[in-house]
There are 2 protein chains.
Amino acid sequence: MLIPPKINPSVSLAATAAMQINSDRLRHRLQQLAQIGRLPNGGVSRLAFSAADQDARAQTQQWLQMAGMTVRIDPAGNLIGRYPGQDETLGAIATGSHLDTVSCGGSYDGALGVIAGVEIAQTLHDAHAHFHHPFEVIVFADEEGSMIGSKAMSGSVESRMATLNRSNSNPLAKALTAIGGNWKAIEQAKRQSEELHAFVELHVEQGPVLESVRAAIGIVEGIVGQRRYQITIEGQANHAGTTPMHLRQDALVAAARVILAVQALANDEHKQTVATVGEIHTIPNTVNVIPGTIKLTVDLRDLCDRHLNQLQSQLNQNLQTIGQETRTKIALQPTLQTPAVLADAEIQAAIEQSCQMLNTSYHYLPSRAGHDAQSLARLTRIGMIFVPSRGGISHSAQEYTAPQHCLQGVQVLWQTLWQCDRQLI
Amino acid sequence: MLIPPKINPSVSLAATAAMQINSDRLRHRLQQLAQIGRLPNGGVSRLAFSAADQDARAQTQQWLQMAGMTVRIDPAGNLIGRYPGQDETLGAIATGSHLDTVSCGGSYDGALGVIAGVEIAQTLHDAHAHFHHPFEVIVFADEEGSMIGSKAMSGSVESRMATLNRSNSNPLAKALTAIGGNWKAIEQAKRQSEELHAFVELHVEQGPVLESVRAAIGIVEGIVGQRRYQITIEGQANHAGTTPMHLRQDALVAAARVILAVQALANDEHKQTVATVGEIHTIPNTVNVIPGTIKLTVDLRDLCDRHLNQLQSQLNQNLQTIGQETRTKIALQPTLQTPAVLADAEIQAAIEQSCQMLNTSYHYLPSRAGHDAQSLARLTRIGMIFVPSRGGISHSAQEYTAPQHCLQGVQVLWQTLWQCDRQLI
């Protein structure tokens, strides 16, 4: 049951004053993890289910156990460390992230959130302290691919996922065994809402916003809803020399107007929407032939699903106008729709108060990339804390978050978990 | 020497009244030629130097000889029929076109101009008539590819052409032998200006203009100059989710503005310019990544080289503005420059007068496709007569010009040659 959140910051500060995050150990463990799957160019390759992924999980399991946690692996391959609460009948306060990376990823994406959990557990353990709630650190399986871990935990696995092509060309159902999972028992990975009282994830931003506003902490308002479309434009391929301008049905000229119309969708006053044409295919794509057919993709993201509906209507209207004016036939086909997920308002407030207590600069922003927290929102209230990515870069050997920012992120998470523990009893 | 063109139409009419083009034989010969290289879909494949090309040339050689012509093949593979003039010291009045097609071409492109020459020679021969000038029918080699025939005749062969990959993967220098040419003697194919007094080519329009204005005859004002460019746009590839709109350097958004700017170049009051972006390549071309690099092609054509220079300046200026406003780096690289060639004013006038005499509708227009006449202009005055292409289509099995239009084209050519013969003594 939720007690009205009348927080007394001094209580939390007092409670944690003696329990400081060990910045040296944090940095050292981040470096240690980054050695697993290290590439010559400084990047990290720990594809889910690979040997490197297994090694990183084994190392983390050892750390979690050193921190006094009992560790289990669920049928979805999630590695779950649990530290007893003062009241074991309460749902757990959980944090965590993922250890797998893209094929040439960086040292922070996922790893930071896992190490943060490890360090917080170790800090509690060293002080013989306990939250009221049990405390869990969850390493989600295959975040960069199928997101099987968080999907299974929230009960949103679809049977067709069994055949998804994963590491070493194994289908997911088989690949899972490499990390101790078991596809046949996947439904047992699903947890009940009562088991988890809150989930707060620390992650690198993977975008340039925090750096551009010079904030150390991002308070995530939610994870944006996403719509993807394929647009097909049918004009008339024709000789680029002999066809006068006024007799053309140029699909690429129509596409140019569509691209600008998509960009204009995102020009709202709140500057929260993003709209992208990332892919374009032209037929015949020859210097001296007027393009006859164009296929292009649209990716639209916003925190408000209703606003996304409005944008889709507006886009449809624009396409009709452009089709008429360019004498082309334009069709819009939805290919993906993911609803927006809002972060819990009280957790956002707890993060803000933690920043104020720690005298750390912060900035509210949406997460426009997907995260495991998105699935967890089906189970429990969620929150996310971002720290700056240098140059906004991730999924790259150039991915970098300064040690000071990593430390501040863990400190804010630590403080936030304390507040959640008190507020959400 | 050119005598001031005070033409008396009645003279020409009287001279040719008894010598009518045989419309049945014309249609029959067009059909006969269309059987050589016939494809199951109704198209024609007579790639230069192929067996079908050789067969069509052999058939044509026979027809030229039947028409009382002496026939030779020059070192560039041009098939040249010559019919004596009343004064053999004069330069020849010439017509002709090509017999080769693209891989799936139609029955009219090139063939009509050759058969027209054959029919005019046969008509003269049947009436035991002669122009003042010698009369030549020229079948140019490899018009759809290297244009080696007309280039060699006008002395504009470059040595690097020897290795151009032609039919059966043979380099041009070797492929030439299949049609009686000889690369080593190619320079001997060059003719002197004095040898040719005028060249008038009948050809299908390969565009929709004549059909759209319902004219039977196109009087070609010239063959447009052509400029091609490659434009490279360097933005910044980035995550389509996490990068806010105002921090983007989206190369495809810049490209969309470039495409519209290119189109706008051709919006002049005379509607003569054409401007096309036919080819676009996007890197990385992925639905969820902001495009980082775009390469696109521009094809610009106009009858006035000075106007093309102005358009290039204007385009450069536009690119600079677009680059600044989209924070991208845009570079323009010229890849092709062909000067415009004007048709001789007196030949244009002769075509118009012929149309008036024959009570045939006509329309002035530029040729925006290349033709052998373009090279011939280096040697002598040239003119071109177009007949309508149904739907503007060519280089296709759907290519079609109505028998009546073919006949009118040959009649106007016939009449025009008579006028040239008289005017240009």
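**Figure 1. The two domains of chain A.** In this predicted model, the domain assignment of chain A gives domain 1, made of the two segments 9–223 and 340–423, and domain 2, which spans 225–338. Taken over C-alpha atoms, the centres of domain 1 of chain A and domain 2 of chain A are separated by 38 Å. Five residues from domain 1 of chain A and eight residues from domain 2 of chain A take part in the contact between them. On the side of domain 1 of chain A that touches domain 2 of chain A, the residues divide into two nonpolar, one polar and two charged.

**Figure 2. The contact between chain B and chain A.** In this view, 45 residues of chain B are in contact with 45 residues of chain A. On the chain B side, the elements that give two or more residues are the helices H7 (209–213) and H8 (251–265), together with the strands E8 (238–239), E9 (274–276), E10 (280–283), E11 (289–290) and E12 (293–302) of chain B. Of these, H8(B) provides the largest share of the side that touches chain A, namely six residues. Sorted by class, the side of chain B that touches chain A holds 20 nonpolar, 18 polar and seven charged residues.

**Figure 3. The rotation axis that relates chain B to chain A.** Chain B is superposed on chain A, with an RMSD of 0.1 Å, by a rotation of 180° that carries 0.0 Å of shift along its axis; that is therefore the relation of a two-fold axis. The residue of chain B that comes closest to the rotation axis is B:Ala256, whose C-alpha lies at 2.1 Å. The same surface serves both copies, in that 100% of the contact residues of chain B recur in chain A.

**Figure 4. The packing of helices H3 and H4 in chain B.** Two packed helices are described by the angle between their axes and the distance between the axes. Helix H3 (residues 51–66) of chain B packs with helix H4 (residues 111–126) of chain B at an angle of about 20°, and their axes are 8 Å apart. Because angles under 35 degrees count as roughly parallel, H3(B) and H4(B) are described as roughly parallel to each other. The crossing of H3(B) and H4(B) is left-handed. On the H3(B) side, the contact is made by B:Thr60, B:Trp63, B:Leu64 and B:Met66, while H4(B) contributes B:Val114, B:Val118, B:Ala121 and B:Gln122. By class, six nonpolar and two polar residues, with no charged residues, make up this contact of H3(B) with H4(B).

Definitions and conventions. Residues numbered from 1 in each chain as written. Chains lettered and ligands numbered in written order. Predicted model: local features only at pLDDT ≥ 70, side-chain atom pairs only at ≥ 80, totals over all residues. Contact = placed C-beta atoms within 7 Å. Helix = DSSP H or I, 4+ residues; strand = E, 2+ residues; numbered from the N terminus. Nonpolar A, V, L, I, M, F, W, Y, C, P; charged D, E, K, R; others polar. Least-squares fit on C-alpha atoms with pLDDT ≥ 70 in both. Axes fitted to C-alpha atoms, helices over the stretch in contact; angles between N-to-C directions. Parallel < 35°, antiparallel > 145°, perpendicular 65-115°, else oblique. Left-handed = near helix turned anticlockwise from the far one by under 90°. Domains from an automatic or database assignment.
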